[in-house]
Amino acid sequence: MPIREPVFNPPFNVVRASHVELAVRDLARSRAFYVDCLGLLVSGESDDALYLRGVEERNHHSIVLRQSPTAEVHALGFKLASEEDLDRAAFWFGRRNLPTSFPDLPHQGRTLRTADALGMPLDLYAQMEQSACMLQQYSSHLGARIQRIDHLNCFTPDVQASYDFYRELGFRLTEYTETDDADAKLWAVWMHRKGNVHDLAFTNGFGPRLHHIGVWTANVLDIIHICDVMATCGYLSNMERGPGRHGISNAFFLYVRDPDGHRIELFSCDYLTVDPDHAPIRWSLTDPRRQTLWGQPAPASWFNEGSLFGGLAQREPMLQARPIVAA
Ligand SMILES: [Fe+2]
């Protein structure tokens, strides 16, 4: 299927994946998981929300937890380069009859709430309240010592359509999985704006749904350490997959589930992709090293379960090809 040339002059400039707002059913229970166990810093809180960030982040928040009767995802946040880019984005989405509104959101500047062609809710903004960078305040580095948000990974019922949409917005392909038949079909794509493997990835599946939020740790030992912590502080069953090394992205990883089932990936040590002539890497859907370089397949839950976007209907994927799944 078509892998196309990158777009170097997109209609507006997306800097990176920035934040996610998750609806959770018990804020205190979620706080225990994200703050006391994983070690994220609290930037702010209100009666119904908790604003979190990693130790190097100057943006006020990269994960917002909002108390809600239903566990779901409210929006995926992307930072734009300027207020002018935000105006250009509003025009671009409006021209395509996609929703555009500017809700007042705490701790961030003017924010365009819109949706992509498949309906995934997006919050685009250029300015956010700044917090102290705690990178060299080592005594505050707890749990997995999470430094920053890295990427968002979503199920889509049409990988080709999602790829085409974000390619037009300047997201560049770094790796992809496709089927092996003569008329090969895209099964998953990894796309970036900020210069590493991805800001946004799509996997074929019932969707649109959020698969996981990837957060960056400085080294592999931080991920080994959080395994020891989770195994001995009541979160053993929250560890879903790993630790291990991905074939795709080369990153070391651990997937964990929060108390509502939202999935977080601890992610470390991928690679630089800024060169304009950086060529994407192709993986076969049947290559076991794709998921985990050492060969272990992912559990069925990893392919089947994800977080719903509030108010958005899901549909079955157009492509029925199945990856290798653990017995
Ligand atoms: Fe990931």
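What follows is a chat about the metal site, the salt bridges, the cysteines and a few helices and strands.

Me: Before we start, what am I looking at, and how are residues numbered?
Reply: This is a predicted model, so to speak of local features takes pLDDT of at least 70, and side-chain atom pairs count only at pLDDT 80 or more, while totals for chains, interfaces and linings use all residues. Residues are numbered from 1 along each chain as its sequence is written, and side-chain values use heavy atoms, with hydrogens and water left out.

Me: Okay, the metal. Which residues coordinate the iron ion?
Reply: His151 (NE2), His212 (NE2) and Glu265 (OE) coordinate the iron ion, at 2.0 to 2.2 Å. Donors here are N, O and S atoms within 2.8 Å of the metal (3.2 Å for Na, K and Ca), and water is not among the atoms, so sites may look incomplete.

Me: What spacing do the donors follow along the chain?
Reply: The pattern is H-x60-H-x52-E. Histidine 212 is in strand 12 and glutamate 265 in strand 15 (residues 263-268), 53 residues apart, so that pair links distant parts of the chain. Helices (H or I, at least four residues) and strands (E, at least two) are DSSP runs, numbered from the N terminus.

Me: Histidine 212 and glutamate 265, buried or exposed?
Reply: Histidine 212 is buried, and glutamate 265 is buried as well. Buried means under 20% relative accessible area, exposed over 50%, and partly exposed in between (1.4 Å probe, protein chains only).

Me: What about leucine 210, where is that one found?
Reply: Leucine 210 is found in strand 12 (residues 209-217). With 2% relative accessibility, leucine 210 counts as buried.

Me: What does leucine 210 touch?
Reply: Leaving out residues up to four places away in sequence, leucine 210 touches Val20, Leu22, Val73, Leu76, Asn153, Cys154, Gly306, Ser307 and Phe309. A contact means heavy atoms within 4.5 Å. Glutamate 72 is 138 residues from leucine 210 along the chain, yet their C-alpha atoms are separated by 9.0 Å.

Me: Cys154 is on that list. How many disulfides does a search of the whole structure find?
Reply: The search finds 0 disulfides, a disulfide being a pair of cysteine sulfur atoms within 2.5 Å. For cysteine 133, the nearest cysteine sulfur is that of cysteine 269, 19 Å away. Cysteine 133 counts as partly exposed at 30% relative accessibility, and cysteine 154 counts as buried at 0%.

Me: Switching to charges. How many salt bridges does the count come to?
Reply: The count comes to 22. The rule asks for a side-chain nitrogen of Lys or Arg within 4 Å of a carboxyl oxygen of Asp or Glu.

Me: Which residues are linked in a network of salt bridges?
Reply: Glu240, Arg257, Arg263 and Glu305 are linked that way.

Me: New topic, helix 1. What caps its N-terminal end?
Reply: Aspartate 26 does, with a side-chain oxygen 3.1 Å from the backbone nitrogen of alanine 28. Helix 1 covers residues 27-37, and its buried residues include Leu27, Phe33 and Cys37.

Me: Last one, strand 10. How many of its residues are buried?
Reply: 7 of the 7 residues of strand 10 (residues 186-192) are buried, so the strand is largely enclosed by the rest of the structure.

Me: Which strands does strand 10 run antiparallel to?
Reply: Strand 9 (residues 172-178) is joined to strand 10 by 6 bridges, running antiparallel, and threonine 177 stands opposite alanine 188. Strand 11 (residues 200-204) is joined to strand 10 by 4 bridges, also antiparallel, with methionine 191 opposite leucine 200. Two strands pair if DSSP finds at least two bridges between them.

How values were computed:
A polar contact is a pair of N or O atoms within 3.5 Å; within protein, one must be able to donate a hydrogen and the other to accept it, and residues adjacent in sequence count only if both atoms are side-chain atoms.
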